[in-house]
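User: I am new to reading protein models. Can we go through this one together, question by question?

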Amino acid sequence: MVICERFPYINDTAENVKSISGEGVRKLLENLREADCLVLAAEGRSKAAMRIGIGQIDKEVKFVEDIDFPGRNLLEAAPVLKKRYKKISLVINSSSGTTTTPTEIAKDMAWFISRYDHNKQFTIDVVTSNLDSKIGQIGGECGTALYLSGPKSKTKTTDWALEQGIMNDVYELGSMVLFQKIKEAINGGQDHQWVLQEINKEMATVGSILDHYVDSPVYQSLAETMSTRGHATIGGRGPARHVAEMTVIRLQHVKRAMGDQAYLSGELAPKPRRGDSLLLVSWSGENKPLSAWQQQYKSSGGATFSIVGNKSTLSEATDSIIIESPAAQFYLRAAFLLSPLPLLLVANLERNGFGLPPEIMYWYHSVSE
């Protein structure tokens, strides 16, 4: 399936989501539809992908680390949740099925279910590329375990690269589309067949968006600017902040190898300097804090870019790409559009003779050829 001429890994993602079990999607959709409360567990880009996908679902959604979570951990909170809600689903997104925090949360929940959940109020619903992992096994025993394939070839890199998990986008982006369409099905009263059809339609849409925009002057300027020395800051508010977070995690690997950093906008980001760059994500393009950040960077001599859903104050003030899309799909499409940005940075650096660590170059060639 070729939906994107420019980037092969997008086609791999499309093949993987097309291969998802229809029965597995039916069971996952059923459990999430029946639940009054969803407790989400994931790490890194898997968490951001999950937040983008499930965000704005018509249900109570919680993370264990949330300020208002009713306990210091899931074991402490489970009795409270049991009283508040008729049905609770612990939803885990983990490609490897071995990530530390989700594994411990799954173990705690499985123990609680075996001891105290006689009325079957809790389920553990897992999406993973490793059904034999502890998380996959627990999902199979206590709810659902849906298989979503990751990259087709295993990356042969150094221990550093294995620890950092460079660019597992094939899984992360696929899981984001899956959760997005499950959310839309729950909000709109659709069945699992609708989910499968809409996943394929969405992948075709994002493939065309990448082919259309990545070679545009604005996107190429963004990549060229971030390929030079200087920090990169990515910002957004609400769902757009999760898109920014996914992008920062990707960019960090390349920017750190250059001796620079990629930051998520906010109080932990450094004050802008000449040569730094700012990328803002906003559907409306009218968010006042984002406009304030843009003005701060511009006055300091930094370059400012944006991905927006409308012609707006922000699009007029920055080098901007406008994705004409409903708000419900904008954040997912923006995340896809920004996913190849590190690839372009590596290509620019390689062309200019800048030596990058072997593990990054191996990753680059494995996903771009």
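This is a predicted model: local features need pLDDT of at least 70, side-chain atom pairs count only at pLDDT 80 or more; totals for chains, interfaces and linings use all residues.

User: Is Leu 75 buried, partly exposed or exposed?
Analyst: Buried means under 20% relative accessible area, and exposed means over 50%. Leu 75 has 31% relative accessibility, so Leu 75 counts as partly exposed.

User: What is the order of the strands in the open sheet of five?
Analyst: The pairing in this sheet is parallel. Strand 7 (262-264) and strand 10 (319-322) are the edge strands, since each pairs on one side only. From one strand to the next, the twist averages 15°. The order is 7-6-8-9-10.

User: Which residue in strand 10 stands opposite Val 308?
Analyst: Strand 9 (residues 303-308) runs parallel to strand 10, and four bridges join them. Opposite Val 308 stands Ile 322.

User: At what angle does helix 12 run to strand 8?
Analyst: Helix 12 covers residues 288-299. It lies across strand 6 (232-236), strand 8 (277-282) and strand 9. Its angle to strand 8 is about 165°.

User: How many residues apart in sequence are Asp 169 and Arg 250?
Analyst: Side chains of opposite charge can pair when their charged atoms come close. Asp 169 forms a salt bridge with Arg 250, with the closest N and O atoms 3.0 Å apart. Asp 169 lies in helix 8 (residues 169-188) and Arg 250 in helix 11 (residues 239-257), so the pair ties together parts whose separation in sequence is 81 residues.

User: Is Asp 169 buried or exposed?
Analyst: The cut-off for buried is under 20% relative accessible area. Asp 169 has 2% relative accessibility, so Asp 169 counts as buried.

User: Arg 229 and Asp 260 meet in a salt bridge. Which of the two is exposed, and which is buried?
Analyst: Their side chains meet at 3.0 Å, N to O. Arg 229 sits in the loop between helix 10 (217-226) and strand 6, and Asp 260 in the loop between helix 11 and strand 7. Asp 260 has a relative accessible area of 5%, so Asp 260 is buried. Arg 229 has 53%, so the exposed one is Arg 229.

User: Which residues are linked with Glu 202 in a network of salt bridges?
Analyst: Glu 202 is found in helix 9 (residues 192-213). Glu 202 is buried, with a relative accessible area of 3%. Its contacts beyond four places in sequence include Val 177 and Gln 329. In the network, Glu 202 is linked with Lys 181, Glu 184 and Arg 333.

How values were computed. Residues are numbered from 1 along each chain as its sequence is written. Side-chain values use heavy atoms; hydrogens and water are left out. Buried means under 20% relative accessible area, exposed over 50%, partly exposed in between (1.4 Å probe, protein chains only). Two strands pair if DSSP finds at least two bridges between them. Helices (H or I, at least four residues) and strands (E, at least two) are DSSP runs, numbered from the N terminus. Axes are lines fitted to C-alpha atoms, for helices over the stretch in contact, and angles run from 0 to 180 degrees between N-to-C directions. Contact means heavy atoms within 4.5 Å. A salt bridge is a side-chain nitrogen of Lys or Arg within 4 Å of a carboxyl oxygen of Asp or Glu.
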